[in-house]
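Hi,

Here is the structure I promised to pass on to you.

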Amino acid sequence: MSNFWQRAITAVLFVIILLCAVLFDDRAFIGLFFGISVFCLLEFYGLVERGGYQPNLFFGMGAGIFIYTLVTFYLYERLSPAYFTLIIPLTSLLFVAELYRKKDKPFSNIGLSFLGLIYIIAPFCLFVSTGFIFGNFYSYVFPLGILLLIWANDTGAYVFGMLFGKRRLFERISPKKSWEGFFGGMFIALNVSVLLYRYLGQINLVEWLGLAAIVVVVGTLGDLAESLFKRSIDAKDSGDFLPGHGGLLDRFDSLLFASPFIFAYLILIQL
């Protein structure tokens, strides 16, 4: 099978799985992104290890699962927000654990173990929370809208970049990205946001356009940030989980960077 068809089949199946989980069942949505967050965290720690560091994999994975579970129970109002205070002493345990690991660069290892939680787990928790932005009941509107805007931006940037790309956006980090692709992605995303307003509603047109702008600008920066990270350790892809597409982290870099901005934006426009 050629690489093109491998990429195409993988992309279609991946999109179908995501859309089915988002549209049809809140438990499937939360469960799917639990698995995605775990695999992305594993990929992140794997990349860090390739860079010569030794993050505490056991602690990082355990803490990530614990935090995601806390958020899930909180979203269904089965847990008081007071339980989030458990995260504070949890962080101290990493320092204690490092005392017994006898590894080189202990402070770097501690910092990078924490970074995995901040860069991977926290954004996925915020993204999942957008499905419960109006209370303890699930609505697919914002998770679906966010994913469609990201895909619209990625597709527009790729097509416009291939057809018209001349001026490099950030050549030192990503030689293939162009300003033409950036504005092409924004054009497509803004048009998709108009359709989202028309068919999904919930917020007004200006607010949907603002959400699209955040996705395009911050999502592009997230893509560049992950490229910077991979270049620093001479890695082409974050992994090989998706045939023809690399790792899961490669597919969700825009979402991870944009989620905190999106969540804050959705909260603020309701004030």
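The lining of the second largest pocket consists of 11 nonpolar, 3 polar and 1 charged residues (Ala, Val, Leu, Ile, Met, Phe, Trp, Tyr, Cys and Pro count as nonpolar, Asp, Glu, Lys and Arg as charged, and the others, Gly among them, as polar). A pocket here is an open set of points on a 1 Å grid over the protein atoms alone, where a 1.4 Å probe fits, with protein on both sides within 12 Å along at least five of seven lines; a cavity is a set from which the probe cannot get out, and lining residues have an atom within 4 Å of a point.

Of the 15 lining residues of this pocket, Y74, L75, S129, F132 and F263 lie nearest its centre. Helix 3 (57-75), helix 5 (106-129) and helix 9 (248-268) each give two or more residues to the lining, and helix 5 gives the most, with 4.

Please keep in mind that this is a predicted model: local features need pLDDT of at least 70, side-chain atom pairs count only at pLDDT 80 or more, and totals for chains, interfaces and linings use all residues. Residues are numbered from 1 along each chain as its sequence is written, and side-chain values use heavy atoms, leaving out hydrogens and water.

And which residues line the largest cavity? They are F34, S37, V38, L41, M61, G64, I65, Y68 and I121. By class, 7 of them are nonpolar, 2 are polar and none is charged.

Best wishes
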